[in-house]
Amino acid sequence: MKKLKIDKYTFFSALAILLMVCIPLILFPEQGEAIINKAFKFITHNLGFMYIWEGLAALVFAIWISFSKYGKIVLGDPNEKPEFKTFSWAGMLFCAGIGASILYWGTIEWAYYFTAPPFGLEKGTWLAAEWAATYGIFHWGPTGWILYSLPALPIGYSYFVKKKPVLKISEVCRGVLGDRVDGVLGKIIDVLFMFGLLGGAGTTLGLGTPMIAAGIHKVTGISQSVGLNLLILIIVTVIFSFSAYSGLKKGIKVLSDINIVLMLIILAIIFITGPTLFIIKMGTTSIGILIQNFVRMDTWMDPVLNTGFSENWTVFYWAWWTIYAPFMGLFIAKISRGRTIRNVIGGSVLFGTMGCALVFVILGNLGMSLQLTNALPVIEMLSENGAPETIISIISTLPLGNVVVILFTIVAIIFLATTFDSASYTLAAVTTEKISGDQDPARWNRLFWAFSLSLLPASLLIIDGPLSTLQTASIIGGLPITPIIVIMMVSFVKVLRKDEIEGKIKITSSENNRSCA
C-alpha cells in the first residue's frame with residue numbers, strides 16, 4: 001500500500017497556533033478569561049443573529065436537498081450497500097457527536113432554565129418547569145444535527161463519488177474558491193477548522209473529567225483531587241489512543257456499540273425504578289410543546305426584554321454545534337459510504353435527535369422530579385457544590401444507586417473515548433495529503449493527535465484554571481467556521497449541477513439507479 005504523506009504545513013501550523021493561543025491562557029488564566037469573556041459577550045450580543053440565521057438556513061437547505069432529485073445520490077458507487085450496519089452507524093455518529101456532554105447537560109440543564117426561564121416567565125412556576133424540560137431537547141435537537149450532517153454531504157460526494165483522495169474541508173470549497181484552495185487560503189481554512197476542533201474537544205474532555213471523578217468518589221470514597229482528575233484523563237487517553245490505533249472498524253465501531261447498549265440499560269433502569277409516571281407525563285408534554293413552538297424557539301431573539309437567554313443558550317449552542325460541524329462532517333462522511341444524501345441527513349437528524357431527547361426526557365426529568373417533590377434540593381446543590389457532584393447525587397437517589405453510578409461513570413468514560421477517538425482520527429485525516437477510501441490515516445499520526453487532545457485540559461487541571469475560558473475561546477472560534485460552512489454548501493450545489501449538466505451523474509426516479517454513473 002502506498003505510504004501516506006503528511007501535510008506538514010497544516011500539521012505544524014495548527015499545532016503552533018494552538019500553543020500560541022493556549023499557553024498565555026495557562027500562564028495568565030485570569031487575564032485571559034477576562035479578555036475572552038468580553039469578546040464572547042460582544043460576539044453573542046452583537047453578532048448572535050448570524051448563528052440564528054445560520055440555523056434557519058441549514059434547516060431550509062437540508063429539507064430542500066433531501067427531497068430534491070439530489071437526495072437520491074449515493075455516497076459511493078452505484079447500488080453500493082452501506083459499509084456499516086445502521087445500528088453501528090447511528091451509534092458511531094451519536095457517540096462522536098455528543099460525547100459525555102449529553103450525560104452532563106441532560107441531567108441538569110433544566111435547572112438553569114427553571115431558575116431563569118425564557119419569554120419573561122416567572123422562575124420556579126409550572127410553566128417554567130414545562131419550558132425547562134423542553135428547551136434542552138430543542139438545543140440538542142434537529143437544528144444541531146442538521147448542522148452536523150450538512151458538511152458530510154460535499155465531503156462524502158467528493159471522496160466517494162468523485163474519488164478525490166483528500167479528506168479536507170478546503171477541498172470541498174473548490175466549487176466557489178476554485179484553485180485557491182490549493183494555496184494559502186485552503187491551508188487557512190483547514191487550520192481554522194483544526195484549531196476550533198482542538199479547543200472545543202479539549203474543553204469537553206476537561207469538563208467531563210470532574211463528572212467521572214465525582215462518580216468514582218461516590219462509589220470508592222477516593223477524594224476528588226487534581227491527581228484523580230489527571231488519572232482519569234490518562235485512562236481515557238489510553239482507551240481512545242488504543243482505539244484510534246485500531247482504526248474505525250476495530251476501534252470506534254466497537255466502543256460505540258458497547259456504549260449505546262450500556263446507555264440504553266442505564267435509561268431503562270432509571271425509567272423503571274425512577275419516577276416513571278412523571279417521566280412519561282413531562283416527556284409527552286415537553287415534546288408536544290417543542291412541536292407546537294419549534295419555529296418560535298428557532299427564531300426567538302428576545303429583542304424587547306433582552307434577558308440574555310437567547311444569547312447565553314441558543315446562540316451559544318448553535319455556535320457550539322457550528323464549531324464541531326466540519327469535524328462531524330468529515331467523520332460522518334467517512335462512515336457513510338453507500339448511503340444516500342437523504343439517508344445521511346435523515347438518519348443523523350432522526351437518530352441524533354431521538355437519542356438526545358431520550359436522555360433529556362429520562363435523566364432530566366429524574367432530576368426535576370426530585371426538585372419538585374423536595375426529595376433532593378437539586379438547584380441548591382448545583383449552586384453550592386457544582387454540576388458534577390449534583391449529577392452524581394441525582395443518580396444516587398435511585399434504588400440501585402451505586403450500580404447505576406458505576407454504569408454511568410463507565411459510559412461517561414467510553415463516551416469521552418469515542419468522541420476523542422473520532423476527533424483524533426479526523427485530525428489525522430486532515431493532516432494527510434492523500435488518503436483513499438479504504439485507508440486509515442497513519443497510526444502514529446492518529447496517536448499524536450490523540451495525546452495532543454489531552455494536553456490542554458491536563459494543564460488546566462494542574463493549575464486549577466478556568467475550563468470555561470477555553471470553552472468560550474472555542475465558541476469565538478466558531479465565527480470564521482460559519483462562512484466556511486456556507487461556502488461548502490454553495491460549492492456543493494454548484495458541483496452537483498455542473499456534474500449533472502456534463503453527464504457525470506445520472507439521477508433517475510428508480511431507487512436501484514440512485515447514484516452517480
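**Aromatic pairs, core and helices**

Colleague: How many aromatic pairs does the structure hold?

Modeller: The count comes to 35 aromatic pairs, where rings of Phe, Tyr and Trp (its six-membered ring) pair if their centres lie within 6.5 Å. This is a predicted model, in which local features need pLDDT of at least 70 and side-chain atom pairs count only at pLDDT 80 or more, while totals for chains, interfaces and linings use all residues. Residues are numbered from 1 along each chain as its sequence is written, and side-chain values use heavy atoms, with hydrogens and water left out.

Colleague: Why is the pair of Y113 and W313 called edge-to-face?

Modeller: The planes of Y113 and W313 are at 75°, with 4.9 Å centre to centre; planes over 60 degrees apart count as edge-to-face, under 30 as stacked and the rest as tilted, so the name applies. Y113 belongs to helix 4 (residues 101-115) and W313 to helix 13, so the pair ties together parts 200 residues apart in sequence. Helices are DSSP runs of H or I with at least four residues, numbered from the N terminus.

Colleague: What makes the pair of F316 and W320 stacked?

Modeller: The ring centres of F316 and W320 are 6.3 Å apart and the planes stand at 5°, so the pair is stacked. F316 and W320 are four residues apart in helix 13, or about one helical turn.

Colleague: Why is W313 called buried?

Modeller: W313 has a relative accessible area of 13%. Buried means under 20%, exposed over 50% and partly exposed in between (1.4 Å probe, protein chains only), so the value qualifies. Y113, at 0%, is buried as well, and so are both F316 and W320.

Colleague: Which residues touch the most other members of the largest nonpolar core?

Modeller: L103 and F415 do, in a core of 161 residues. Helix 13 (residues 309-335) gives the largest share, 19 residues. A nonpolar core is a set of buried Ala, Val, Leu, Ile, Met, Phe, Trp, Tyr and Cys residues joined through side-chain atoms within 4.5 Å.

Colleague: How do you know that the length of helix 12 agrees with its number of residues?

Modeller: Helix 12 (residues 276-299) has 24 residues and should span 34 Å; its end C-alpha atoms are 33 Å apart, which agrees. The expected span is 1.5 Å times one less than the number of residues. Helix 12 also has a kink of about 70°, centred on N293, and N293 is one of the buried residues of this helix.

How values were computed: Helices (H or I, at least four residues) and strands (E, at least two) are DSSP runs, numbered from the N terminus. The bend at a residue is the angle between axes fitted to the seven residues ending there and the seven starting there.
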